[in-house]
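Biologist: Can you walk me through a few strand and helix contacts here? I'll ask as we go.

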Amino acid sequence: MSCRHLFLFLVFALSSWACLADAESSVTEQLKNAGLDVGYDEAKQRFVVIGTAERKLPDLSRGLFDKARNDLGKIAALNARRELMYMLDINIKAKDTIKATVKAGMTVNEIRSVIEHFSKVKLSGCKVLCTAESYDKSSGNYQVALAIGWSQKVFIDAEKTSKGEWRSVDDDDRYEAWCKRNDLSGMIGSRDFTDTDGLRRYVGIGVVDVDGLKGKPLAMAMRKAAAKAKENLIFSLSVDTAAHDAAQRMVRETSYGVTESRQLWEKFESMVFASYSGAFVNRNQREVYSTIGTNPLTGRKMQVSVYGVTASQ
């Protein structure tokens with residue numbers, strides 16, 4: 001093989017690999033590097049699942065990218081909960097079987113079963129472990145993937161937290177220290193962490209592309225990033241209650257009115273997203289960090305805003 005042919009072969013191989021390295025694969029690799037497997041860890045009684053969401057975009061222009069990134073983050077989070085509910089519903093314990101189940105598409109009856117399980121069980125405590133995003137220029141496919149972890153222990157802790165008191169945010173240094181340890185411009189949605197005093201802290205992350213503002217003030221991008229951060233924080237705190245309530249409303253209906261599994265799940269999604277926003281609006285959340293970073297997918301500068309809320313012990 002000539003040098004020229006070898007070069008062309010390597011270019012083709014690398015470009016093919018890049019297409020395969022989608023967001024879901026990136027999340028799987030992050031979990032592997034952290035010593036985690038998708039499925040049920042019987043020794044630790046912990047579930048780890050991945051949810052994805054996709055949208056066709058002609059390009060990653062600033063407005064399209066900002067909106068799709070935020071929207072798909074919430075859809076991927078709910079899709080991850082769907083996979084978790086399916087595991088809990090059919091009481092799967094075998095790790096290999098769970099891996100096969102997560103990859104498989106669900107029938108209408110299986111989606112019905114998941115929704116019915118949502119109506120009986122409130123997940124509470126789902127912890128976002130990592131996120132990733134990818135874009136395939138040839139197909140225009142933009143994908144967001146998200147991994148969550150859940151166990152009975154975090155469920156009990158989260159239930160106590162939601163019913164307890166919430167502290168006024170007057171110690172931003174704890175949030176700032178956490179923010180500086182993490183690459184915020186690559187994060188989507190929300191996170192939570194426990195500080196050195198044992199207080200559980202929740203953060204919502206909002207990111208807005210600021211490259212090529214064309215004379216528009218940075219203050220406008222900062223306001224948009226702050227609004228997205230606050231929305232993501234409220235969503236993360238209330239999505240499990242919203243899903244539980246939406247499922248209870250759906251199972252009371254005599255007919256779901258749809259015949260395809262995708263349509264049924266999308267109907268459930270729309271009900272969840274229509275009802276999540278009220279529960280935690282007044283929980284002392286406020287902006288605790290702001291910076292400009294570089295998005296790993298686009299290489300462009302992003303305005304990052306972080307909103308925080310702290311639960312009492």
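**Hairpin and helix packing**

Modeller: Strand 1 and strand 2 make a hairpin with 4 residues between them, and Gln 45 in the turn has a positive phi of about 50°. Strands here are DSSP runs (E, at least two residues) and helices are too (H or I, at least four), numbered from the N terminus. This is a predicted model, in which local features need pLDDT of at least 70, side-chain atom pairs count only at pLDDT 80 or more, and totals for chains, interfaces and linings use all residues. Residues are numbered from 1 along each chain as its sequence is written, and side-chain values use heavy atoms, with hydrogens and water left out.

Biologist: In what sense do strand 1 and strand 2 pair?

Modeller: Antiparallel, over 3 bridges, between residues 39-41 and residues 46-56; two strands pair if DSSP finds at least two bridges between them. Asp 41 stands opposite Arg 46.

Biologist: And over how many bridges do strand 2 and strand 4 pair?

Modeller: 11, again antiparallel, with strand 4 covering residues 141-151. Gly 51 stands opposite Leu 146 there.

Biologist: Switching to helices. At what angle do helix 5 and helix 9 pack?

Modeller: About 20°, with axes 8 Å apart, for residues 108-120 and residues 261-275. Axes are lines fitted to C-alpha atoms over the stretch in contact, and angles run from 0 to 180 degrees between N-to-C directions. Helix 5 and helix 9 are therefore roughly parallel, the term for angles under 35 degrees.

Biologist: Which residues meet?

Modeller: Among them, Ile 111, Ile 115 and Phe 118 in helix 5, and Leu 264, Trp 265 and Phe 268 in helix 9. Contact means heavy atoms within 4.5 Å.

Notes:
Angles under 35 degrees count as roughly parallel, over 145 as roughly antiparallel, 65 to 115 as roughly perpendicular and the rest as oblique.
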